[in-house]
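Dear colleague,

I am handing over a structure for you to look through, and below it I have set out what was found. Please read the notes with the structure open beside them.

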Amino acid sequence: MSSGSAARPVKRQFVDGRFGQIHVRTAVPAEPSERPLLCLHMSPKSGRQFMHFMAAMASDRVVVAPDYPGYGESAPPPAEPHVTIEDYAQSVIEVIDALDLGPVDLLGFHTGAEVAAALADRAPARVRRIVMVSAPVLTNEELTAFNALYAPIELDLDGTRFRKQWESVVKHRGPGMTLTMMAESFAEGLRGGEGYEWGHRAAFAYAPRYPDVVASLSQRVVVLNPHDDLAHITPRIEPYLNNGELVDKPDWGHGFFDAHTDDAVATIRQALA
């Protein structure tokens with residue numbers, strides 16, 4: 001975790017979106033000299049996962065982390081059939097417009113990697129460079145397995161859903177992830193309410209298109225491969241990187257934005273340079 005003197009305060013605000021208010025975290029340097037960076041979260045979390053990273057990364061650029069509709073403190077969509085990765089991408093475009101950010105760089109984590117691809121595909125002039133953390137290049141068999149693994153769990157008095165969610169946090173914790181970090185991650189995952197798995201389902205629905213969309217992008221795309229649950233899958237994106245590279249980060253896992261903040265900042269700065 002970074003505690004350097006260059007750290008900037010992370011502030012919060014709301015902007016209007018098609019599904020209602022979008023909750024946004026921002027960190028703003030005294031004198032920005034680089035393009036803004038949009039941080040796009042995984043499912044079922046929120047922009048909170050970038051807070052420590054944002055404070056350190058914002059020494060020379062505006063750093064913004066929106067919550068997708070239905071996650072964190074953003075208003076939920078009215079019904080699941082309307083929720084797609086393209087909807088999440090559109091919600092981020094609404095944030096870019098509301099904050100008058102102009103062209104931006106993108107940092108997408110898991111689901112956020114797909115949102116970044118969809119946004120750059122939809123609005124290429126708005127995006128300069130892209131960093132993705134992990135790449136969901138999934139086979140049909142893996143998609144079936146992931147859909148089953150992340151199927152919604154009904155509420156019951158035994159707290160089965162919450163026990164399984166905590167077990168998932170424990171199972172997937174990365175190096176240096178403390179119990180406090182794990183508890184914060186667990187709590188953030190609860191905030192999606194009964195729509196907590198909508199993001200995963202949107203991601204799995206988009207996954208068959210994702211590699212070809214990445215291959216079609218004109219922007220430079222750097223994919224970071226931490227040692228997480230997609231570590232064996234992410235290298236499959238390499239043939240689709242027409243203008244980019246795959247960077248292995250075996251010392252990272254889930255929670256690295258908190259546990260290895262300084263390394264994350266240095267690595268992502270290099271990828272965007």
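By class, the lining of the largest pocket has 23 nonpolar, 13 polar and twelve charged residues (Ala, Val, Leu, Ile, Met, Phe, Trp, Tyr, Cys and Pro count as nonpolar, Asp, Glu, Lys and Arg as charged, and the others, Gly among them, as polar). Please keep in mind that this is a predicted model, in which local features need pLDDT of at least 70 and side-chain atom pairs count only at pLDDT 80 or more, while totals for chains, interfaces and linings use all residues. Residues are numbered from 1 along each chain as its sequence is written, and side-chain values use heavy atoms, with hydrogens and water left out.

A pocket here is, on a 1 Å grid over the protein atoms alone, an open set of points where a 1.4 Å probe fits, with protein on both sides within 12 Å along at least five of seven lines, and its lining residues have an atom within 4 Å of a point. The largest pocket is lined by 48 residues, and Met42, Ser43, Pro44, Lys45 and Ser168 lie nearest its centre. Helix 5 gives the largest share of this lining, seven residues (helices are DSSP runs of H or I with at least four residues, numbered from the N terminus).

Turning to helix packing, Thr111, Glu114, Ala117 and Ala118 in helix 3 meet Gly199, Ala202, Ala203 and Tyr206 in helix 7, where contact means heavy atoms within 4.5 Å. The residues of this contact divide into five nonpolar, two polar and one charged.

Best wishes

Conventions. Helices (H or I, at least four residues) and strands (E, at least two) are DSSP runs, numbered from the N terminus.
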